[in-house]
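Please report on the local geometry of the structure shown here.

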4 protein chains.
Amino acid sequence: MSGIWGKNLQLSLFGESHGVAIGITINGLPPGLEIDMEQVLVEMARRAPGKNELTTPRKEKDHPEILSGFLDGKTTGAPLTAIIWNTNTRSKDYSVLKDVMRPGQADYPGRVRYNGHNDHRGSGHFSGRITAPLVFAGAICQQWLKQKGVTVGSHIQSIGTIEDETFEDQETVTLEQIEQFKEEQLPLFNAEKKVEMTDLILEAKEDGDSVGGVVETFVLGLDAGYGNPFFDSVESQLAHLVFAVPAIKGIEFGTGFDITKMRGSEANDEYYYDEQGRIKTRSNNNGGIIGGITYGMPIVFRAAVKPPASIKKKQQTINIQEGTETELEVEGRHDPCIVPRVLPVLEAVTAIGLMDLMLGGQSNE
Amino acid sequence: MSGIWGKNLQLSLFGESHGVAIGITINGLPPGLEIDMEQVLVEMARRAPGKNELTTPRKEKDHPEILSGFLDGKTTGAPLTAIIWNTNTRSKDYSVLKDVMRPGQADYPGRVRYNGHNDHRGSGHFSGRITAPLVFAGAICQQWLKQKGVTVGSHIQSIGTIEDETFEDQETVTLEQIEQFKEEQLPLFNAEKKVEMTDLILEAKEDGDSVGGVVETFVLGLDAGYGNPFFDSVESQLAHLVFAVPAIKGIEFGTGFDITKMRGSEANDEYYYDEQGRIKTRSNNNGGIIGGITYGMPIVFRAAVKPPASIKKKQQTINIQEGTETELEVEGRHDPCIVPRVLPVLEAVTAIGLMDLMLGGQSNE
Amino acid sequence: MSGIWGKNLQLSLFGESHGVAIGITINGLPPGLEIDMEQVLVEMARRAPGKNELTTPRKEKDHPEILSGFLDGKTTGAPLTAIIWNTNTRSKDYSVLKDVMRPGQADYPGRVRYNGHNDHRGSGHFSGRITAPLVFAGAICQQWLKQKGVTVGSHIQSIGTIEDETFEDQETVTLEQIEQFKEEQLPLFNAEKKVEMTDLILEAKEDGDSVGGVVETFVLGLDAGYGNPFFDSVESQLAHLVFAVPAIKGIEFGTGFDITKMRGSEANDEYYYDEQGRIKTRSNNNGGIIGGITYGMPIVFRAAVKPPASIKKKQQTINIQEGTETELEVEGRHDPCIVPRVLPVLEAVTAIGLMDLMLGGQSNE
Amino acid sequence: MSGIWGKNLQLSLFGESHGVAIGITINGLPPGLEIDMEQVLVEMARRAPGKNELTTPRKEKDHPEILSGFLDGKTTGAPLTAIIWNTNTRSKDYSVLKDVMRPGQADYPGRVRYNGHNDHRGSGHFSGRITAPLVFAGAICQQWLKQKGVTVGSHIQSIGTIEDETFEDQETVTLEQIEQFKEEQLPLFNAEKKVEMTDLILEAKEDGDSVGGVVETFVLGLDAGYGNPFFDSVESQLAHLVFAVPAIKGIEFGTGFDITKMRGSEANDEYYYDEQGRIKTRSNNNGGIIGGITYGMPIVFRAAVKPPASIKKKQQTINIQEGTETELEVEGRHDPCIVPRVLPVLEAVTAIGLMDLMLGGQSNE
C-alpha cells in the first residue's frame, strides 16, 4: 500500500482520521516559489468540515504546520512537509464499528487488505479527512499554475437530479467568476438552482440519509502540447488522481458519454484561426485533450460523487467477528452531502496532475 | 514521453502505424508460465482489422513474433518481448496530411508536443494499431488470471443510441457466455439488438461518417482485498489504463453517474452471508470496489468510445504550414465504428491492471 | 529533487538540520508488524551526536514521534510517518556561511542547484542529521529481517591507515558478536586496534582537523535467489542507497578492487555441499552476489567514508556573493571522525534495501 | 525481475544470449535529435567480440536494426526500439551446463530466482552480450551530451597488478585524446604499459585462465548543479548503473578509498576563481560530486572488473540435479579478459545516467 504518487512532482500522503496527525510531503517544488499562505488557508477552509448546516458538525481548524522545505516565505527546493494535528477526535463513536461492517464504507475491504490491523477509528486512513493534505498541496500547485497563466475552477453540475448549466453552455467564464465560485458553498452557473439543491440536501439530512452529485471541473489557459499518447495521457493522469479521491465513481472528459451518441462528423472539433491568429476549435467535445495531449482549448471533465455512505438510517449488514447478519444505525457526525467539500479536492488534484505534467516540459527538446 | 507502465508487471510499448514493426516488452511475468499461443492469437484476431464490412479493409495478420523471455512454451522470467511486423502499409495515403490537421485526431497536439518530428504516417505512434501489442500482453495476463480463477469479459453496452441490457440486469453471466462473447463481432446480452446496431453502423459508413458506443467490462472471481486507498485505488489503476486506449472519453464504475441520483440508503451495498457462508452484497452499485479495494463482488465498469475521427465526409480545418483554413476529406481505409475492436483492448488492459495488482499480493503480510 | 526511494518498500525523507523537524514516511510495511521501540531507540542512539569525546558536542535526543500508521504497538499497513523535532539548533553559528563556500561541503553545488534558495543553516537538507530518520526506518526493517532469519552487522574496517581484520578473516561471526558490536563506539574484530584508532581521532581533533575510514557491512542468513540481473541487481540496490549516505565515496563487494588482481581460477567461488547438504562456496570473493542475485553466502561490502569536511583549520575558498577569494575557519560543533556514527546508518540502508527486495519475493512464481 | 530503468530517460532492456534477438527501447529521447549511425556503430564495434586475440572468437556483427521512434535520420519523440539479431549461436556448447553450476557465473542464483525456467544457453539473459543494447543507447546519449558540451571518456587503469597513470595525474586530457582512446584496444595514458598488459592477458589465456582490471571513467564539461542530495545523488545514479554491468564488483569516486586515509584539511577541495572567473577547485578528491551534486569539475570514478568466470581450467563444483560434487572444464569461446570490452559499456551507462539527470534540469525553477 502506497501513499506515493507522481513523477516530476511527487507526493507522499499519510495519516488517519483519529490518529496523531495527517500530512503530506511534496517533492519537486521549484526552489524560490513564494507561497501565499492566506490563499492556501482559503482553499483548506473550503474543504473543512463544520462550516454550516449542509456538512458534518465535526470542527477541525485544518491549519497546516510546515515542517521542512520552506524558509522566509519561499520553497527551498527540498521536500516540503506539512502536517495537520487531529484535535477534535471522538473515537468512542466508532468503537462498536470494529466488527460491524458499514455498507458502502471501506470497513470490509480494508479489513481483508490489512488483515484486521488497519486503524478503524473514523475510517482511519480511508477517511475523507485525508484529502485535507491534498488540498494543501493543490493550493500550492494552483499558485504555481497561476504564474504560468493556468487557472483551475469548478462548479456543482448536479445534486441528485437537480442540474446546473454546463461549462460548454457558457459564452465565457471569467477569472472573477472562478474566484467568486470559490467563496460559495454551492457554486452554480445558474444561481437559481441553489434553493432547490439546498432543500434536497436538508431533506435527506432530516431523513438520516444522504445525496450525491456531479462536479464539473475546467482548466483555462493551458497551452497545446502537454501530455502523451497511451500510458501517460492527460486523461490517464487526471483520472488516476480523481479516482484517488474517496467517493468518486465516474469521470468523463468533454462531452463524455454523450459523445458516444454523436456521429464522427459532429463529434470532431474543427480547427480554425481566431482573430489573433491562434488555433482554436469550434466545439470542444474532446474536452481539451486528443491523443492524450492538450490542444489549447479548456480541459473540461465531470466527476460522479456518490452519496455519503455514513447515514443514520437503519441498514442491513454483517458482524464479521461473530459471522452473523445484523442491523446498523451509524451514529456520529455525518455529511448529508459531500459534493460542496469535494470541489476543492478535485481542483487540488487537477492542479497537482497538471503541474506534474508541466514540470516535464511542453516538448522534450 | 513514455511508453512504460506498471509496478509489479511492467510494460514497455513501442511502434508506429507505418514504421518497421510495433511491439511490447513485458517485465515481471512469473517464470514457468505456459502460454497458449492459439488463445493469444484468438484475442489478437478479435482486434485485428479487415475482418468484415463493419471495420477497415486494411488487412494485417497481426502475428506476434516473440524475441525473448520465452523458451519451450514457457516464460523464463526474463523480459518477454514480442513484435508485429508492419506489412500492409500504404503511406502515400497520408502524405497530404502532414500539414492539414485532421479534426479529432492527434495531428495538431502531436505536432506541438514533438515539434513536428513525430511520424505522421497513419497517425504514427498515436495509431490505434499500437493497441495490438497491448492485446498480446493482455491475452497472456488473462491466461494467468484464469489460473487464479479470475475471468475478464465484456459486451457492447450501446452503439449510438441503441442500448443492450446491462451486466447488472443479468441473473448470472457464465464463463461459457463470456467465451461465446469473444467469438462474436457484436457481443450482446440481448441479441435482438444486433440488427439495429449493424444497420446503424452501415448507415454511417454509407454516409462517409462514423458512430461511437459504450463498452461494459466485468471481472468475475476476484477476491476481496486487492487494491489500496488513494493513489493506488483499483479505480485509479484501471481508469489510468483505460484512458491509455485511444478514443476513450469516459469511465464509470458500478452504477457510475447514476449513483449520484440515488440516496445513500439506496446506493449502499448491504452485506450478507450467502448459503456457502461467503460475504456478498445485495446490490453492486460500487462495482466491486470500495475505498479503492475489491470486496469480492464482480468489478463492473463502462467506457465511452467516441466515433472514429477519420471520416470521408468533408470537414473544416486548418493547414498549419500555410496558416490558412481549408477543407478536408480524409481518404484511406477507415472504421465506421471501432467499438467491436475496442472490446478486446479493454479486456486486455483490465487483465494487465489486475495482474499487476495481484502480483503485489492480497495483503502485505 | 526527490526524497523518495523504493519499489515494494517506499521511503519519503524530509527535513533540514535547523528547521522545525526532520522525518520520514515508510510505505509498504506489512500490517500487524510489532515494533520494539526500545530497540529502535538503541539504533538511533548509536547514530546520535554528543555521546562522547569522539563526536560533536551537539546534543539531540533524536526521539522519533510516530504520527500515523501505527496502533497498539503494531503497524496498520498505512503509511507510517515519524518525525524528530529539532530542539538544539544554534543557527547563528552558520549565518556567516551563506556566502562563503565551505570546501568539501554541499554549499556551492547546493546553491547552484537550488538557485540560492536552499536552507543553508547547518547544511540544511544536506546535513548528516537527515540520516536519523533513515536509521529509524532501518531499525524497523532490521526487526522484520530478524523474523526472516536475516541479520545485518558491521564493524570499522579502518580509521585512516589503521586497519581491523576483515569479515573474511573470521572463522565465524556470531549473532552475539553482532549484538556486542552495536554497543561499542569502535566495533572491531581485533579489539587491540581500539587505542590506536582513538588516538588518531583525538589527534586530528586537537589539530582542528578530521579523519576518515572504511566500514565493512555484512548480512547473514539471506537465502539464495534474491535480486535481479542488470538494473535491479543487489549491488545496484545497495550501492544506490549507500551513496545516498553523505560522505561515502566508494563501495566494493566481496573482495572488491582486489578481485581485479586475481586470476579467474582464484576469483571463482567453487560450490560444494556442506554436511547438512546445503549449497555453499569455499571462498566468497563475490560477496554473496553473482549476476545481481544472492547465492546464499553472506553479503559483504565495504564503504569508504571521507573525513568530515567541517574543520576548524584555516582553509582557502571563495565568497561567492562578493566574487572574491577568502580564508575560512569553520566554527561550530564538529565531528573529528564520523565513521562510528555512520555504522548504524549503513546497517539501516542495507536493511532497507534488502527488505524492499525480499518483499518482492524470492522468485516471481 | 525488471529490465526497466530511468526517470526522464527510460530504458527497457531485453534478450538472451542464444535467443532470437536482443534489444532495447529508449523512452524520453528529445524529438528531432539527429543520430549519427556511423558513430553508434563505432561504439558497438568497440564492445563487439571477435576483434582480436585478446577477446572471445565468437563473431557477431552487432548491427542494430531500429524498429520505431526514428524517421529520416532523426528521433520522433516516440519510444525508440532497436534490436540485434543473434546469428552466431552455438547452443550445444552449453547443453551440459544446465545442471552443472559454473563457479562465478549466475547459473546457481539464476536457477533459484527463476525456478529453473531461465534460459541457460550461453548464460541467457545474464550474458554480457546483453550489454550490446546498452552501448547502442549510450552511444545516442553521448551524441546528445556532446551537443551540450559534455564528453565521457575512459581508460584502462589496471590489468591485474599492472597500473596506468590516473586521470588526476594528467595536466590535461583533450577531446582528441579521448577520441584516440576510443580507437584503441588498450587505451592508456602511459602507452608503455601496453606490452606488459597484453602479455599478462595472453599468459592467462594460454593457461586457460583469465584476468581482471580496473577502468577509470571521466566526464568533462558538465556544469555545477546537477544531481540531488540523498536518494538521487549523482553517485547513486551512476553506481546503480555501473553495478548493472556484469562483472563489476566495486566503484569509487574521486580519490575513493584513498580519501579515507587523508585528513579533512587535505581531502577538502578548495575553491578558487580561475583566470576566466570560473569557480574551480584546486584538487578534485570528491570526483566532481559533493552532496550528491556536481560542482563543475570533472566527474571521475573507477570500477573494478573481475576476471571472467568462464575458464577452461578445471574447477570444483556441483551437479545440482544429481546433488553431487563434480569437476568442470568450461568449453566454448571465452574472453581471457573483458576489461577492454567493458570500457564502452561503462562509458555508455555513464552517458545514460547523466542524460537522465540533465533532462531533469539543472535547477527546478
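Predicted model: local features only at pLDDT ≥ 70, side-chain atom pairs only at ≥ 80, totals over all residues.

Contact means heavy atoms within 4.5 Å. On that basis D:Lys314 touches D:Glu327, D:Leu328 and D:Glu329, leaving aside residues up to four places away in sequence. D:Lys314 sits in the loop between strand E16 (299-305) and strand E17 (315-319) of chain D. Helices (H or I, at least four residues) and strands (E, at least two) are DSSP runs, numbered from the N terminus.

Residues are numbered from 1 along each chain as its sequence is written, chains are lettered from A and ligands numbered from 1 in the order in which they are written, and side-chain values use heavy atoms, with hydrogens and water left out.

**Aromatic pairs**

A pair of aromatic rings is described by the distance of the centres and the angle of the planes. Rings of Phe, Tyr and Trp (its six-membered ring) pair if their centres lie within 6.5 Å; planes under 30 degrees apart count as stacked, over 60 as edge-to-face and the rest as tilted. By this rule there are 36 aromatic pairs over all chains. In one of them, A:Tyr114 and A:Phe126 have ring centres 6.2 Å apart and planes at 55°, so the pair is tilted. Both residues lie in the loop between helix H2 (107-113) and helix H3 (131-147) of chain A, twelve residues apart. A:Tyr114 and A:Phe126 are both buried (under 20% relative accessible area; exposed is over 50%, partly exposed in between, with a 1.4 Å probe and protein chains only).

A:Phe253 and A:Phe301 form another tilted pair, at 5.6 Å centre to centre and 50° between the planes. A:Phe253 belongs to strand E11 (residues 248-253) of chain A and A:Phe301 to strand E16 (residues 299-305) of chain A, so the pair ties together parts 48 residues apart in sequence. Both A:Phe253 and A:Phe301 are buried. Elsewhere, ring pairs join A:Phe167, A:Phe181, A:Phe189 and A:Phe218 into a cluster.

**Charges over rings**

A charge sits over a ring if NZ of Lys or CZ of Arg is within 6 Å of the ring centre and within 35 degrees of the ring normal. Two cases are tabulated.

| Charged residue | Ring | Distance from ring centre |
|---|---|---|
| A:Arg282 | A:Tyr272 | 4.1 Å |
| C:Arg282 | C:Tyr272 | 4.1 Å |

**A:Arg302**

A:Arg302 also lies in strand E16 of chain A. It is buried, with a relative accessible area of 11%. A polar contact is a pair of N or O atoms within 3.5 Å; within protein, one must be able to donate a hydrogen and the other to accept it, and residues adjacent in sequence count only if both atoms are side-chain atoms. The side chain of A:Arg302 makes such a contact with the side chain of A:Glu216 (2.8 Å). A polar atom of the A:Arg302 side chain also lies 2.5 Å from the backbone oxygen of A:Gly254. Residues touched by A:Arg302 include A:Gln157, A:Val214, A:Thr255 and, from chain B, B:Phe257.

B:Thr294 is in strand E15 (residues 293-294) of chain B. At 1% relative accessibility, B:Thr294 is buried. The backbone oxygen of B:Asp223 lies 2.8 Å from a polar atom of the B:Thr294 side chain. Among the residues that B:Thr294 touches are A:Pro109, B:Leu222, B:Tyr226 and B:Ile299.

B:Ala139 is in helix H3 (residues 131-147) of chain B. B:Ala139 is buried too, at 3% relative accessibility. B:Ala139 touches B:Val40 and B:Glu43, not counting residues up to four places away in sequence.

**Positive phi**

Most residues other than glycine have a negative phi. Which phi value does D:Asp72 have? Phi of D:Asp72 is near 55°, a positive value. D:Asp72 lies in the loop between strand E5 (70-71) and strand E6 (74-75) of chain D. D:Asp72 is exposed, at 74% relative accessibility. D:Phe230 has a positive phi of about 60°. D:Phe230 lies in the loop between strand E10 (213-220) and helix H6 (234-242) of chain D. D:Phe230 is buried, with a relative accessible area of 5%.
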